[in-house]
Amino acid sequence: MSSDDFKATDDSDEDLPKHGLKGPSPDERPHPEGRRNSQGIRIDPEAEAEHEPRRAVISALVEDDPGVLSRVSGLFSRRQFNIESLTVGPTTVENHSRITLVVEEPEPGIDQVEKQLAKLKPVIAVGELDADAVRTELVLLKVEGDEPDKVHAVTEMYDGQTLDAGPKTITVQLTGDEQEIDDAIDAFRQFGIIEIARTGYTALARGNQATVPGEKPGTADEPTRPTNAQ
């Protein structure tokens with residue numbers, strides 16, 4: 001091999017790194033963009049922008065363990081999810097309760113809500129209800145009693161019920177979907193609303209469809225609450 005060959009070989013090795021393989025310089029390497037969420041996962045700003053928030057009604061079957069509501073609310077607080085409403089009550093199975101949650105989040109957030117809820121120990125099963133699910137809420141309204149006849153007329157118009165009537169206040173109960181309740185509240189404002197209490201949604205799937213995947217109905221031998229011994 002001639003001296004020119006050695007020279008050519010030396011020239012080709014000048015650009016190689018001393019250790020490892022040749023690669024782009026730090027300035028030429030791609031740099032990921034986007035912020036990280038509370039779990040440390042980097043969020044692609046373009047992907048995040050594609051998901052508009054939507055409202056979801058989520059049903060969860062839970063065991064009646066002490067502190068179960070505290071665990072559920074703590075989970076939402078840690079994950080920075082906002083609960084619009086939460087209702088809880090017994091099911092047909094003894095020592096089981098149903099929690100109905102309404103949240104408004106982008107699609108990935110709703111998916112995370114379901115996954116994180118399912119990981120909690122007292123939670124038996126979780127599922128999002130379809131848009132055509134049977135859903136309703138209850139509201140109690142205490143209004144000024146100066147015009148009882150007009151209050152009664154509006155109460156009847158919205159299929160409500162008068163629970164208490166005195167010389168100064170009237171308390172009515174209304175049930176329905178969110179829009180019906182909102183319309184009724186607007187109608188009662190003319191009398192002067194003193195106090196209001198809304199339960200938030202409670203809901204069940206239509207027909208034979210289980211409200212929560214895998215949910216099995218109770219039987220006559222499985223009362224919702226223990227029967228007191230005589």
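How many of the ten residues of strand β1 are buried? Seven of them are, so β1, residues 54-63, is largely enclosed by the rest of the structure. By buried I mean under 20% relative accessible area, with exposed being over 50% and partly exposed in between, using a 1.4 Å probe and protein chains only.

Quick housekeeping before I go on. This is a predicted model, so local features need pLDDT of at least 70 and side-chain atom pairs count only at pLDDT 80 or more, while totals for chains, interfaces and linings use all residues. Residues are numbered from 1 along each chain as its sequence is written, and side-chain values use heavy atoms, with hydrogens and water left out.

The overview, then. The protein has 230 residues, and 27% of them count as buried. There are six helices and nine strands; these are DSSP runs numbered from the N terminus, with helices being H or I of at least four residues and strands E of at least two. The accessible surface is about 15400 Å², and carbon and sulfur atoms own 49% of that; that's Shrake-Rupley with a 1.4 Å probe, and for residues only the protein chains shown count as cover. As for contacts, meaning heavy atoms within 4.5 Å, take those with a separation of 6 or more: 72% of them come from residues 24 or more positions apart.

Back to β1 and its partners. Strands count as paired if DSSP finds at least two bridges between them. β1 runs antiparallel to β3, residues 96-105, with ten bridges joining the two, and Leu61 stands opposite Arg98 there. β1 is also antiparallel to β4, residues 123-128, this time through five bridges, and Ile58 faces Glu128.

Now, helix α3, residues 68-78. Its buried residues are Val68, Val72, Leu75 and Phe76. They span an arc of only 95 degrees around the axis, which puts them on the same side of α3; the arc is taken from the directions from the helix axis to the C-beta atoms. Turn to the face away from that buried side and you find exposed Ser70, Ser77 and Arg78. What covers the buried residues? The cover includes β1, β2 (83-90), β3 and α4. After α3 comes Gln80, with a positive phi near 60 degrees.

Which brings me to the core. A nonpolar core here is a set of buried Ala, Val, Leu, Ile, Met, Phe, Trp, Tyr and Cys residues joined through side-chain atoms within 4.5 Å. The largest one has 18 residues, and Ile58, Phe76 and Leu117 touch the most other members. β1, α3, β3, α4 and β4 each put in at least two residues. Beyond four places in sequence, Leu117 contacts Ile58, Val72, Leu75, Phe76, Leu101, Val123 and Val126. There's also a second, separate core of 14 residues, including Val154, Val172, Leu174 and Ala184. As a general rule, nonpolar side chains in soluble globular proteins tend to be buried together.

Val113 sits in α4, residues 107-119, and is buried at 1% relative accessible area. Leaving out neighbours within four places, Val113 contacts Ile58, Phe76 and Phe81. Val113 and Ile58 are 55 residues apart along the chain, with 8.9 Å between their C-alpha atoms.

Over in β7, residues 169-176, we have Thr171. Thr171 counts as buried at 14% relative accessibility. Not counting residues up to four places away, Thr171 touches Leu141, Lys142, Gln161, Thr162, Leu163 and Asp164.
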